[in-house]
There are 2 protein chains.
Amino acid sequence: MAKSKGNEAQELTQLSESLGIQFAYPKSVKAYITGSRPDIQVPYREIYQDDTITPTETIENPPIPVYDTSGAYGNPKAAIDLKKGLPNIRGVWIDERGDTEVLPCLSSQYGQERVNDPKTAHLRFNKLIQPRRAKAGQNVTQMHYARKGIITPEMEFVALREQMKMDALFRDPRYEKLIRQHAGFAYGANIPTHPDQITPEFVRQEVAAGRAIIPANINHTELEPMIIGRNFRVKINGNLGNSAVTSSLTEEVEKMVWSLRWGADTIMDLSTGEHIHETREWIIRNAPVPIGTVPIYQALEKTGGIAEDLTWELFRDTLIEQAEQGVDYFTIHAGVLLRYVPLTAERLTGIVSRGGSIMAKWCLAHHQENFLYTHFDEICEIMKAYDVSFSLGDGLRPGCIADSNDEAQFGELYTLGELTAKAWQHDVQVMIEGPGHVPLQRVKQNMTEELSHCFEAPFYTLGPLVTDIAPAYDHITSGIGAANIAWYGTAMLCYVTPKEHLGLPDKEDVRTGIITYKLAAHAADLAKGWPGAQLRDNALSKARFEFRWRDQFRLGLDPEKAESYHDETLPAEGAKIAHFCSMCGPKFCSMKITKEVRDYAAQQMQEKSVEFVKKGSKIWS
Amino acid sequence: MAKSKGNEAQELTQLSESLGIQFAYPKSVKAYITGSRPDIQVPYREIYQDDTITPTETIENPPIPVYDTSGAYGNPKAAIDLKKGLPNIRGVWIDERGDTEVLPCLSSQYGQERVNDPKTAHLRFNKLIQPRRAKAGQNVTQMHYARKGIITPEMEFVALREQMKMDALFRDPRYEKLIRQHAGFAYGANIPTHPDQITPEFVRQEVAAGRAIIPANINHTELEPMIIGRNFRVKINGNLGNSAVTSSLTEEVEKMVWSLRWGADTIMDLSTGEHIHETREWIIRNAPVPIGTVPIYQALEKTGGIAEDLTWELFRDTLIEQAEQGVDYFTIHAGVLLRYVPLTAERLTGIVSRGGSIMAKWCLAHHQENFLYTHFDEICEIMKAYDVSFSLGDGLRPGCIADSNDEAQFGELYTLGELTAKAWQHDVQVMIEGPGHVPLQRVKQNMTEELSHCFEAPFYTLGPLVTDIAPAYDHITSGIGAANIAWYGTAMLCYVTPKEHLGLPDKEDVRTGIITYKLAAHAADLAKGWPGAQLRDNALSKARFEFRWRDQFRLGLDPEKAESYHDETLPAEGAKIAHFCSMCGPKFCSMKITKEVRDYAAQQMQEKSVEFVKKGSKIWS
C-alpha cells in the first residue's frame with residue numbers, strides 16, 4: 001500500500017472501483033433472508049457446489065450457506081461509492097421508536113471545531129451527518145428495549161443471521177447427511193440445540209440478561225446488526241489504526257473493507273495519529289459491522305500526549321464526539337484503580353495495555369482515583385443516549401506468560417464486574433475485555449472468573465497467547481489460546497496478526513490474522529455444538545473425498561490461497577478434476593483405494609445377499 | 001528448489017557448502033554437556049543476550065540454553081560433507097555391549113540387488129556401510145537393557161539432553177528470577193518437578209515401563225539420542241518424501257537438514273517414488289535425529305502399486321532392508337483388522353491413511369486377516385535384532401471431523417494396545433499413532449483411550465485438526481489440536497504444513513510447519529510444568545519489555561522472520577535500539593509509560609520512606 005499522497009479523494013475513488021474485484025468469492029451468491037417486514041434483509045452467502053459424478057450417476061450437491069460479514073461489498077449488484085457511504089439500513093427502525101431526536105448540530109466542542117476547520121476540509125466525509133440522540137429522559141439501548149419485552153428489528157435481524165436458514169436446511173432431505181454433527185460440550189453455556197430455538201425472543205432474553213450485546217449506535221445506521229454472546233456463534237474482531245509513524249486514511253478504509261472480505265465481525269479503530277476524527281468518520285460511514293474505539297487514545301492526542309493533562313471534561317467531550325459519529329462500542333479502562341497500580345511494579349512486563357498505562361500514569365500523577373471510575377455513572381448516561389456498548393478494558397492484562405492471572409489482573413476484573421452491575425442499572429450493554437498472554441493451563445481460570453464476577457457479561461479476549469517465544473507467529477500462539485477460551489465461553493476474539501509485537505500489519509498480515517481467528521472461532525462453535533456448525537466441515541470433507549478440488553477451495557475460508565497452494569505443485573487445469581493429488585501421485589492414492597474398498601465391500605454384501613436368498617433367506621448360523 | 005538434473009553428487013556438494021550459512025543462528029553458541037565418559041557429548045544451544053542499559057547502570061543478562069536438534073550442522077566448527085555422512089557417535093557404545101555382529105553383507109534380497117545394480121550406482125551413498133545385527137539369541141533394544149537395569153550411554157545422553165543444564169541454572173543467582181514459572185497441570189503424568197529429578201535412572205525407568213522410547217537403531221550410529229515420552233519434553237516430527245509426481249534426492253536431503261535447523265526432533269521419510277532406497281541411505285547417513293519410515297510404502301512400490309500382490313515375504317525383506325540401513329522406527333499398520341474395514345464404509349471420508357487403505361484392500365482382496373497382525377511376532381523378532389521401534393500406525397484414523405472417534409478408529413486403537421503388550425513381551429519399544437481430524441471437544445477422549453488401552457505407551461499424533469474448513473491454514477487448525485493433545489499427554493506431534501491436503505510442501509512450508517509445531521509443543525511443556533520450560537519465555541519477555549529488540553529476535557523460534565517483520569515497518573538500524581516501536585510511535589508507548597509509572601512508584605515509595613524517617617520511624621496510622 002502506498003503512503004498517502006495527500007489526495008485521499010482520488011485514492012478513495014480508485015478503491016471504490018476496485019472493490020468488486022476484491023470481493024469475487026468463487027461460485028458464491030450473496031443472499032438475503034427477509035424478516036417479518038420487508039426492510040429486514042439479513043445477509044448470508046451461499047456457496048454453490050459441483051455435482052458428484054460417478055460412473056453410474058450424477059448427484060447434485062446443495063449450496064452451503066455461510067455467515068457473511070461483507071456487507072454491500074460482497075454484493076456484486078451493489079454500487080459502491082466510499083465517498084457516499086453505505087445505504088441507510090436502520091434509520092427507519094430508529095425513527096419508528098420515536099425516542100430520539102435529530103440534533104441541530106454536533107454537541108461536542110471538538111466535533112464542532114473540526115467541522116469548522118478549513119485545514120481538514122479536504123479530508124472530511126462529503127455528506128454531513130446529522131447526529132441523533134435520545135430525547136431527554138429516554139434510554140435507547142437494545143438492552144433497555146429487551147428488558148421492556150420489546151423485540152426490535154435489530155434483535156430479529158440477528159436471530160435470522162445466527163440461524164442462517166438452518167431451520168429449513170434441517171428439514172431439507174438434500175442436507176440430511178450433511179447436517180449431522182457431534183454433540184458439543186459447552187461448559188455450562190445455554191447453546192441452542194436446534195436451529196428452531198434461535199428465535200428473536202431468545203435473542204431478546206439473552207440481551208435482557210446481559211449475556212449478549214448488540215452493539216448498534218443509533219448514529220450508525222449503515223450497520224447490519226450482529227450479536228456477541230456465548231450462546232451465539234463466536235465472533236472475531238479485526239483491528240486497524242494509523243499511528244504517528246505510518247499509514248494513511250485510505251489505507252485504513254481499505255484495511256477495513258479487506259478485513260470484512262475475510263470475515264471480521266467487528267472492527268476496532270485504534271488510530272493514534274493525526275486526522276483520527278476524519279478517518280473514523282470515513283470508516284463508520286462505510287462500515288456494515290460495529291466499530292469500536294478506545295476514546296482515551298484520542299483524548300490523549302488532544303493533550304499533546306501528556307497523560308497527566310487528561311481531564312474528565314476532555315474525555316467526556318471525546319465520548320460525545322465519537323458517539324455522535326456512530327461508534328458502536330467504547331473500550332473504557334475504568335477498572336484501573338489507584339490501588340491496583342503498585343501491584344504491577346514487580347511484574348516482568350508491567351502494564352502493557354496502552355489505555356491501562358495512560359490511566360495508571362494519570363492516577364499516580366494526581367494521587368486520585370481513575371476518573372473513568374469516579375465518573376462511571378455519567379459515562380453510562382452518555383452510553384444510553386446513543387446506545388454505545390461498553391467494552392470494559394483490561395488495562396492491567398498480563399503482557400507475558402509470567403504475569404498471567406496475577407492479583408493486579410484479577411483485581412481489575414472484579415472491579416469490572418462491579419461496573420458491569422452499575423452499567424446494567426442504566427440498561428447499558430457491556431462486554432468485558434480479557435487477557436493477552438496466558439499459558440494453556442491457566443486459560444480456563446480466566447473464563448471462570450469472568451463468568452462468575454462479571455455475571456456472564458460477554459467476554460472479549462485478545463488471544464490469549466499461550467507462549468512468548470514465537471514472535472512472527474503470534475497469530476498462531478494466540479490462535480491456540482483463542483480457540484480454547486472461546487470453547488470455554490468467550491463470545492468474541494480479538495485477532496492477532498503475525499506482526500504482533502513487531503510492527504504494523506499489512507494487508508496480508510490482516511488476512512492471515514482474520515483467517516486464523518475465523519478458524520479458531522469455528523473450532524469453538526464446533527466444540528460447543530452450535531446447531532449446523534459442522535455443515536461446512538462436512539461439505540468440504542465430502543468434496544475432498546470426492547476429489548471435487550474446486551469445491552474444496554470454494555468451501556474453505558480462503559479459496560484463493562488454497563487454490564494457489566494446490567497449483568504450486570500441480571498447476572495444470574486437468575489436475576483440479578483429476579482423481580489423485582500431488583501428495584501420493586496417480587497410482588498411489590489412499591482416497592482412491594478407499595473408494596475401491598467401498599465398492600468391493602458393497603459387492604461382497606451383495607454376494608452375501610444373493611447367497612442369503614439362495615439359501616432360502618435363513619439366518620446364517 | 002530446482003528439480004534434479006540428474007547430477008545429484010554436484011548438488012550435494014553445493015548443498016554441503018551452503019549449510020554453514022543456513023545455520024547461522026544469531027549470537028548463539030552450540031555447546032555440549034559432557035557425560036560420565038568423554039564420548040557422551042550432549043548438544044544444546046546457548047543464546048547470548050545484550051546487556052540491560054539503564055541511565056544508572058549496565059546489567060549483564062545471562063545466556064539462555066535451548067534444546068538443539070541441528071546436529072553437526074548447527075556447529076560452525078564442524079566440517080560438513082554430505083557425501084561422507086555425519087560422524088559416528090554411537091559405534092563404540094554398541095560395540096562395547098558385545099551383543100551384535102557385523103554382517104558380511106546385507107541380508108535383504110532387495111538390498112543386495114540394489115548394491116549390485118549398475119543403473120543406480122551414481123545415486124549410491126559413497127561409503128558402503130556394513131550393517132550390524134544382534135547376535136543369535138540377543139536382544140539389543142533400549143527397553144531390553146532398561147528392563148535388565150542397565151543404564152546405556154543412550155539413556156544418559158537423553159537425560160542430560162532433557163535436563164539441559166537446568167540443574168545448574170536453578171542454583172545460579174543470575175537466573176533466579178528468570179527460572180520462575182507457574183505450576184503446571186499435567187493430567188496425571190509423572191513430570192519431574194525439579195531438574196535434579198531428570199536422571200539417567202529416571203530415563204531407564206520410563207523406558208523400562210514402556211512410557212518412553214529412545215528410537216535408536218544400532219545401524220544409525222550417527223544419531224544423537226533423544227527420548228519420546230509424556231514425562232519428557234514434547235517432541236515434534238517433520239515429514240519429507242519424494243513422490244512419483246515431484247521432487248529429487250538432493251531436495252529431500254536439503255529438506256531434512258532444513259527441518260533440523262528449525263527444530264524437528266525426528267524425521268519421517270515418506271517417499272513413494274523411485275530411488276527411495278538410495279534416498280533413504282543418504283538421509284540416514286546425514287541424520288543426527290531418528291528416522292522413521294512406513295515400510296509398506298516401499299513394499300507396495302515393489303509390487304508395482306498392486307496392494308493385492310503384497311506378501312509377508314516381500315514385506316519382511318523390506319523390513320530387513322530398511323533396518324539394516326538404520327531406520328529408527330517403523331510405522332506398521334498391524335491394527336487394521338479385517339473386521340474393522342466394513343466399519344469405515346459409512347464414513348464421510350472412508351480410510352485416509354495410505355497404509356491403512358493398502359492393508360484394507362489387501363485384507364478384502366484375500367479374505368484374510370492383515371498379515372502384519374498375523375506375523376506380528378516375527379516382526380518383533382526383526383525389531384529387536386536391530387532395535388527398531390514400533391510406531392503402531394492408525395490406519396483407520398478419521399480423515400474429517402465427522403469421522404472422529406468412531407468405532408473403526410477406537411477398534412483399531414484397542415488392537416494396537418493388544419499389540420503393544422505383545423511387543424513388550426519381546427522388549428520392543430512402541431509408540432502409538434493418533435488421529436488426524438478431531439473437533440476440540442473430542443480430543444481428550446483420544447488421549448484417555450490411548451493411555452488406558454495402550455498402557456501409557458507414548459502417543460504420537462498427527463495434529464489433530466480441529467476443523468476441516470481452512471485448507472491452506474491446516475498447520476494452524478492442527479496446531480490448535482496439537483497443543484491441546486500434547487498438554488493432555490501426547491509425547492510427539494507430527495507436524496502439518498500449510499500445504500496439507502493441497503500439495504507437497506516446499507522449504508518455506510516446512511519451516512512454517514515446524515515452527516508452528518515447536519510452539520505448540522512448547523505451549524504444552526509450559527502447561528504441563530516441565531522444569532525450566534518458562535525460562536525462554538521469561539527471557540524473551542524481559543527483553544521485549546526492555547526494548548532489547550535484537551534479543552527478542554534471537555530468543556524467538558524464528559529470529560530471521562521476527563527481524564524481517566520488524567524491519568518492514570521500521571527498517572532503520574537505529575529503530576532496533578530505539579525505546580519505542582512502530583505500533584504506538586515515539587510519544588505514545590505503553591511500555592515506556594509503564595517504565596515511568598515504575599519510576600514514579602519507586603520515587604513515591606522513597607518519599608514515603610523519608611517521611612517515615614522524619615516522623616521518627618513510627619508506623620503510619
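**Close-up views of a two-chain model**

View 1. A disulfide is counted when a pair of cysteine sulfur atoms lies within 2.5 Å, and a search of the whole structure finds zero disulfides over all chains. Cys454(B) is buried, with a relative accessible area of 0%. Cys105(A), by contrast, is partly exposed at 42%. Here buried means under 20% relative accessible area, exposed over 50%, and partly exposed in between (1.4 Å probe, protein chains only).

*A note for all views.* This is a predicted model, in which local features need pLDDT of at least 70 and side-chain atom pairs count only at pLDDT 80 or more, while totals for chains, interfaces and linings use all residues. Residues are numbered from 1 along each chain as its sequence is written, chains are lettered from A and ligands numbered from 1 in the order in which they are written, and side-chain values use heavy atoms, with hydrogens and water left out.

**View 2. Phe455(B) in its loop.** Phe455(B) sits between helix H16 (443–453) and strand S16 (459–462) of chain B; helices (H or I, at least four residues) and strands (E, at least two) are DSSP runs, numbered from the N terminus. Phe455(B) is partly exposed, with a relative accessible area of 43%. Leaving out residues up to four places away in sequence, Phe455(B) touches Gly417(B), Thr420(B), Ala421(B), Trp424(B) and Glu450(B), where contact means heavy atoms within 4.5 Å.

**View 3. Helix H7 of chain B and its cover.** Within H7 (residues 200–209), the buried residues are Phe202(B), Val203(B), Arg204(B), Glu206(B), Val207(B) and Ala208(B). Their cover includes helix H4 (142–147), helix H5 (153–163) and strand S8 (212–213) of chain B. Just after the helix, Gly210(B) takes a positive phi of about 85°.

**View 4. Thr497(A) in a loop of chain A.** This loop joins strand S17 (492–494) to helix H18 (507–528). Thr497(A) is buried, with a relative accessible area of 4%. Apart from neighbours within four places in sequence, Thr497(A) is in contact with Asp474(A), His475(A), Pro505(A), Asp509(A), Val510(A) and Gly513(A).

**View 5. Ile480(A) and the rotation axis.** Chain A can be laid on chain B with an RMSD of 0.1 Å by a turn of 180° and a shift of 0.0 Å along the axis. The two copies are thus related as by a two-fold rotation axis. The superposition is by least squares on the C-alpha atoms of residues with pLDDT of at least 70 in both copies. Of the residues of chain A, Ile480(A) comes closest to the axis, its C-alpha being 2.4 Å away. At the interface, 100% of the interface residues of chain A are also interface residues in chain B, so the copies meet through the same surface.

**View 6. The setting in chain A.** The chain has 22 helices and 17 strands, and 67% of its 621 residues are buried. Among contacts with a separation of 6 or more, 76% join residues 24 or more positions apart.
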